[in-house]
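Subject: Structure handover

Hello,

Here is the structure we spoke about, with the sequence. Please look it over first; my notes follow below.

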Amino acid sequence: MKQAPFIAVEGPIGAGKTTLASMLSTELQLPMIKEIVEENPFLDKFYQNIDEWSFQLEMFFLCNRYKQLEDTGLQYIEKAQPVISDYHIYKNLIFAERTLKGVKLEKYRQIYHLLTDDMPKPDIIVYIRADLDTLLGRIRKRGRSFEQEMDPAYLEQLITDYDKGIQFLAEQSPAPRILTVNGNEIDFVENQAQFEQIVSDVKELI
Ligand SMILES: Nc1ncnc2c1ncn2[C@@H]1O[C@H](COP(=O)(O)OP(=O)(O)OP(=O)(O)O)[C@@H](O)[C@H]1O
Ligand SMILES: Nc1nc(=O)c2ncn([C@H]3C[C@H](O)[C@@H](CO)O3)c2[nH]1
């Protein structure tokens, strides 16, 4: 059976993934798998002390996303119904490779592959790239208290990690189709014409 479009919107913290995925979900009338942030018990502690809390946090994200894809995503994918998500499961590894070290990273990698290698992966990725100043501005404006003390160096590293991670996905076989959005210049929130251009570009990929 041909896989129905499984679209993931990706990009570093504050790039606008949830915003754009929600807008595309409404516009294209696709069900959306949405990341749950508020119920994460470790995020607050993680931003206060990354080394101390990274393993708990990465495992929490991994198990949560695994369960969410199992409970909701697979229902659509197995019925060959299109679906859009505001994350790609691979983001877990992008973050974990940055926040974990040594034995914990090794254990994490094994669990990650065990859980995800046989899962259906998005075949279309909308990748929002944005530079540090843009992301810091959006994080400030969004105002989640636990993110306000985030070390800009951490975010800067993640921007590079994301570029490499998306490049890695592009080299897989079968390769996902990737639409890159310049998040510094394209304002899909305020500028209707720019949003419509993204919609039209996504439709071309479906
Ligand atoms: N193109 C844009 N122009 C202006 N503001 C934007 C744009 N995209 C997103 N925003 C705003 O930036 C903030 C971050 O957006 P959003 O929560 O969608 O990011 P995200 O990538 O899902 O974040 P996270 O990585 O934390 O899940 C929100 O306040 C949103 O309204
Ligand atoms: N360490 C770490 N690993 C992840 O897999 C991950 N996914 C998201 N986040 C952070 C970014 C936002 O602050 C907030 C909401 O996306 O959670 C993560 N942090």
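Ligand 1 is surrounded by 17 residues, and G16, K17, T18, T19 and R142 are the closest (a residue is near a molecule if one of its heavy atoms lies within 4 Å of it). This is a predicted model, in which local features need pLDDT of at least 70 and side-chain atom pairs count only at pLDDT 80 or more, while totals for chains, interfaces and linings use all residues. Residues are numbered from 1 along each chain as its sequence is written, chains are lettered from A and ligands numbered from 1 in the order in which they are written, and side-chain values use heavy atoms, with hydrogens and water left out.

An oxygen atom of ligand 1 is 2.9 Å from a backbone N or O atom of G16. A nitrogen atom of ligand 1 lies 3.1 Å from a polar side-chain atom of D187, and a nitrogen atom of ligand 1 is 3.5 Å from an N or O atom in the side chain of R138. On its own, ligand 1 has 640 Å² of accessible area, of which the protein covers 86% (areas come from the Shrake-Rupley method with a 1.4 Å probe; for residues, only the protein chains shown count as cover).

The shell around ligand 1 takes at least two residues from each of α1 (17–28) and α6 (132–142) (helices, H or I, have at least four residues and strands, E, at least two; both are DSSP runs numbered from the N terminus). By type, this shell has five nonpolar, four polar and eight charged residues (Ala, Val, Leu, Ile, Met, Phe, Trp, Tyr, Cys and Pro count as nonpolar, Asp, Glu, Lys and Arg as charged, and the others, Gly among them, as polar).

Now to ligand 2. There are 16 residues around ligand 2, and E35, Y47, E58, R65 and E147 come nearest. An oxygen atom of ligand 2 is 2.4 Å from an N or O atom in the side chain of E147, and an oxygen atom of ligand 2 is 2.7 Å from such an atom in the side chain of Y47. For R65, a side-chain N or O atom is 2.9 Å from a nitrogen atom of ligand 2. The protein covers 97% of the 410 Å² of accessible area that ligand 2 has on its own.

Which elements give two or more residues to the shell around ligand 2? They are α2 (43–48), α3 (50–78) and α4 (91–99), and α3 gives the largest share, four residues. The shell around ligand 2 holds nine nonpolar residues, one polar and six charged.

Last, some backbone details. S173 and P174 are joined by a cis peptide bond, with omega about 0°; P174 lies in the loop between α7 (152–170) and β5 (177–182). Q29 is not a glycine, yet has a positive phi of about 55°. Q29 lies in the loop between α1 and β2 (32–33) and is exposed, at 71% relative accessible area (buried means under 20%, exposed over 50%, partly exposed in between, with a 1.4 Å probe and protein chains only). A80, also a residue other than glycine, has a positive phi near 55°. A80 is in the loop between α3 and β3 (83–85) and is partly exposed, with a relative accessible area of 29%.

Regards

Notes
Polar contact = N/O pair within 3.5 Å; in protein donor to acceptor, adjacent residues only side chain to side chain.
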